[in-house]
Amino acid sequence: MATPTLLHTTTAYVLSLRPKSPFSTPFLSTNLGQRQSFLSHRSLLLPQKWRQHMFLSTRPLLKDGNLRINGKEALKDVPANIVVTPLTDTSAFVGATSSDSSSRHVFKLGVIKDVKLLCLFRFKLWWMIPRVGSSGSDIPVETQMLLLEAKEGPTSDDASDHSTYIIFLPVLDGKFRSSLQGNTSDELEFCVESGDPAIVTSQSLNAIFVNYGNHPFDLVKDSMMILEKQFGTFAHRETKQMPGMLDWFGWCTWDAFYQEVNPQGIKDGLMSLSQGGTPARFLIIDDGWQDTVNDFQKEGEPIVEGSQFGGRLASIKENKKFRRISNEAKSKAPRDLKEFVSDIKKTFGLKYVYVWHALLGYWGGLAPNTLGTKMYNPKLRYPVQSPENMGDISLDSMEKYGIGVIDPDKISQFYDDLHRYLVSQNVDGVKVDVQNILETISAGLGGRVSLTRQFQQALERSIAANFEDNSIICCMCQSTDSIYHSKQSAISRASDDYYPKNPTTQTLHVAAVAFNSIFLGEVFVPDWDMFYSLHDAAEFHAVARAVGGCGVYVSDKPGQHDFTILERLVLSDGSVLRAKYPGRPSRDCLFTDPVMDGKSLLKIWNLNECSGVIGIFNCQGAGSWPYTKKNAVKMAAGSEQVGQVSPADIEYFEEVSGKQWTGDCAVYSFNAGCVSRMPMEGSFNVALKVLECDVFTVSPIKVYNEAIEFAAIGLLSMYNSGGALECVESSADPSTSSSSCKIHVKGRGSGCFGAYSNTKPKSCSINLKDEVFNFSGEDNLLTISIPATTNAWDVAISY
């Protein structure tokens, strides 16, 4: 049901509730307090008949000391200081009051036990990871999304049982930011903090948003859209302009060169990708191009680990690697950044060149009192870390060396000067990193929420004013301070970095992005980061990106590529087959741990224009989540994990099934290279070793002309085969009998086109030219070879 328009009111009321809960066991309870508190609600602007006939007992509300959600007990014996403000017929805000004023409060809500739960929490200042559990003690500090599943009726593992899903989203309430956490007594708590000792409060009434529904992905989307309308400070992904680089293969310089990036190295990397047949059309020049100074690194002295984060920006221009100094006539450096960017665009057919910068210019901010930065009035400040987050070398170093923080009153000028200069250098966009740093320096600057809002708004204004394509990738910004202030930014990194040298993080990376995308994917297109195509885990990462609905870019060193893998991701023109939505775990994976439970495989689902796709991954046994001291479950050498895959794992399949659907699907396995027919609720087993994966294209079998049953699969040599399809249409052939039928499949890319057909066609053509085809009566797989010179095609199959 569509969310009604909201109208703020101050009417207070009390509702009578059914006293009995149909849950088999209460999943939230507490022994704290007896008295309930109920403040004013926000009524709905609804037609009169809705006002008269609403099922008010379904609303989240307090009565007789209980919080009831969908007419069921959720929290018992709620403390007297807890306040519930109903918002819609399924949602409410939860808050609390205190007798003391402070810049930080921790309030108890109740006890969580015996329920499946999923947390998305920040384990570092910059990054989130998932954690599953069954009680309050499993909920880590800094949880930013909590999803519960409560089955109705007898407890059962049968997936057909009806489930109610309840979501808790800690939000921004005025100048305060909220987060969830559990304690050793299994109590759910929420923390509200301003980040500035001078900004205090004795209450936070809208700290937590709670909502429920029977479809987990609808629930998250509906909740975020309610909050979007309520706050007006951020926008849903579907309303944002998508940067064009998302649909083109890219290369990032970071893991190829790190800070030693240089013009010749970039040219070498672009050349080797082009010569291999997978040309990059999108480039990120990462850290290492800027004009910086570092007082903590002395020439001739050993470099202290972490001292690179003490570097500060000296000016908004490029450094001498990318700009020839006037007295260096023999230098191999280009005349300036513009000359270099223009050259590589022309030579290699690049469509987009982005460059990296930090939110505060550089890791260590701006250098005070230099000619190129003094107009922004930077002041040295030392970050204050929260003890709740795991430290890392970047933050530890910034805490040690300090940051030259731009005057907030000058931040708009800084971004506008920087981005206007980059545009003058033929640069198309930016990757903006280190964004969460603001919460550590917000004391005396208005607090973390206000400071983030000021910087975020200035950044997005500058992007809109200077770049043509909403050309920004946000990074290190997985705090709700930033998420709930993202009005325009459409792409955000969804995980910690890709670490090619650390074998224990490969599976964690894929699992973290998939789970984080449940939440982040409602506001952004999740960015899966770069990867090496020549690596032990290369195909694992490649398949994840093929089903992730994200941009695809590598960070290979020049000449070090696996073109077998790249050719399964990238078409010859440099475009990629991007799926429609953020790739997320299938419903039966939501409350499992695919990294450390020793049994679960991870399934990631998505949709294309005409079909669905499922990637399945064995993430077990290769690494451990950083929040646990346990080691990964040991897997016997060569052992396999077995999981089930079903077409029903793909959500919203009705978007592609249509009226002519038989109810069956053609399921194509990339690894096996064969197609199977099965009903939507059918399933099959998949066995995978550690770091193995497979991808399945699931296409609805439709009836044409009463007798032909057909399902287009796509380009069989691509991981996301169905991403090549644009539409499937049928028409009667006027030159033959009325029983004849012609099916047109339009798409792009060259290679082997495949489709399921219940009968052998009479003929096939590509762009009106008859072509030879193959048909296997064993599995009903029809294949046609699309020439390498063909980009867009119309395959006509005549019966």
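Predicted model: local features only at pLDDT ≥ 70, side-chain atom pairs only at ≥ 80, totals over all residues.

Entry 1: I began with asparagine 705, which sits in the loop between strand E36 (693–704) and strand E37 (708–715). The phi of asparagine 705 is near 55 degrees, a positive value in a residue other than glycine.

Aspartate 529 belongs to the loop between strand E27 (525–527) and helix H11 (538–547). Its relative accessible area is 3%, so aspartate 529 is buried.

**Entry 2: the chain as a whole.** I stepped back for some totals. I found 13 helices and 45 strands in the chain. Of its 799 residues, 60% are buried. Among contacts with a separation of 6 or more, 74% are between residues 24 or more positions apart. The chain exposes about 30,400 Å², and carbon and sulfur atoms supply 49% of that.

**Entry 3: nonpolar cores.** I had a general point in mind here: in soluble globular proteins, nonpolar side chains tend to be buried together. Which residues touch the most other members of the largest nonpolar core? I listed Leu169, Trp251, Ile266, Ile285, Phe414 and Phe617, out of 170 residues in that core. Helix H10 (residues 506–520) gives the largest share of this core, 10 residues. Apart from it lies another core, of 30 residues, with Ala92, Ile112, Leu146 and Tyr212 among them.

**Entry 4: helix H7.** Next I followed helix H7 (residues 411–424), which has 14 residues. From its first C-alpha to its last, H7 reaches 20 Å, close to the 20 Å expected at 1.5 Å a residue. Which residues of H7 are buried? They are Ile411, Phe414, Tyr415, Asp417, Leu418, His419, Tyr421 and Leu422. I kept a reminder beside that list: an α-helix has 3.6 residues a turn, so residues three or four places apart point the same way. The cover over the buried residues of H7 includes strand E20 (312–318), helix H5 (337–348), strand E21 (352–358), strand E24 (429–433) and helix H8 (448–466). Just after H7, I noted asparagine 426 with a positive phi of about 75 degrees.

**Entry 5: strand E40.** Strand E40 (residues 751–757) has five of its seven residues buried, so it is largely enclosed by the rest of the structure. I looked up its partners. E40 pairs with E37 in the antiparallel sense over five bridges, and here tyrosine 756 in E40 stands opposite alanine 711. E40 also runs antiparallel to strand E44 (residues 781–786), joined by six bridges. In E44, threonine 783 is the bridge partner of glycine 754.

**Entry 6: links across the sequence.** I went looking for residues that meet across the chain. Phenylalanine 209 lies in strand E16 (residues 201–213) and is buried, with a relative accessible area of 0%. Its C-alpha is separated by 4.6 Å from that of phenylalanine 93, 116 residues apart along the chain. Phenylalanine 209 is also in contact with residues including Leu87, Ala92, Ile167, Leu169 and Ile226.

Leucine 125 was my second case, in the loop between strand E9 (116–122) and strand E10 (128–133). Leucine 125 is buried, at 4% relative accessible area. How many residues apart along the chain are leucine 125 and glycine 391? I noted 266, with their C-alpha atoms separated by 7.8 Å. The contacts of leucine 125 include Asn389, Leu395, Ile437 and Thr440.

Entry 7: Asparagine 70 has a relative accessible area of 16%, so it is buried. Its side chain makes a polar contact with the side chain of tyrosine 212 (3.1 Å). I had already met Tyr212 as one of the residues of the 30-residue core.

Note on methods:
Residues numbered from 1 in each chain as written. Heavy atoms only, no water. Helix = DSSP H or I, 4+ residues; strand = E, 2+ residues; numbered from the N terminus. Buried < 20%, exposed > 50% of the residue type's maximum accessible area, 1.4 Å probe, protein only. Contact = heavy atoms within 4.5 Å. Core = buried A, V, L, I, M, F, W, Y, C linked by side-chain atoms within 4.5 Å. Pairing = 2+ DSSP bridges. Expected span 1.5 Å × (residues − 1). Polar contact = N/O pair within 3.5 Å; in protein donor to acceptor, adjacent residues only side chain to side chain. Areas by Shrake-Rupley, 256 points an atom, 1.4 Å probe, with all protein chains shown as cover.
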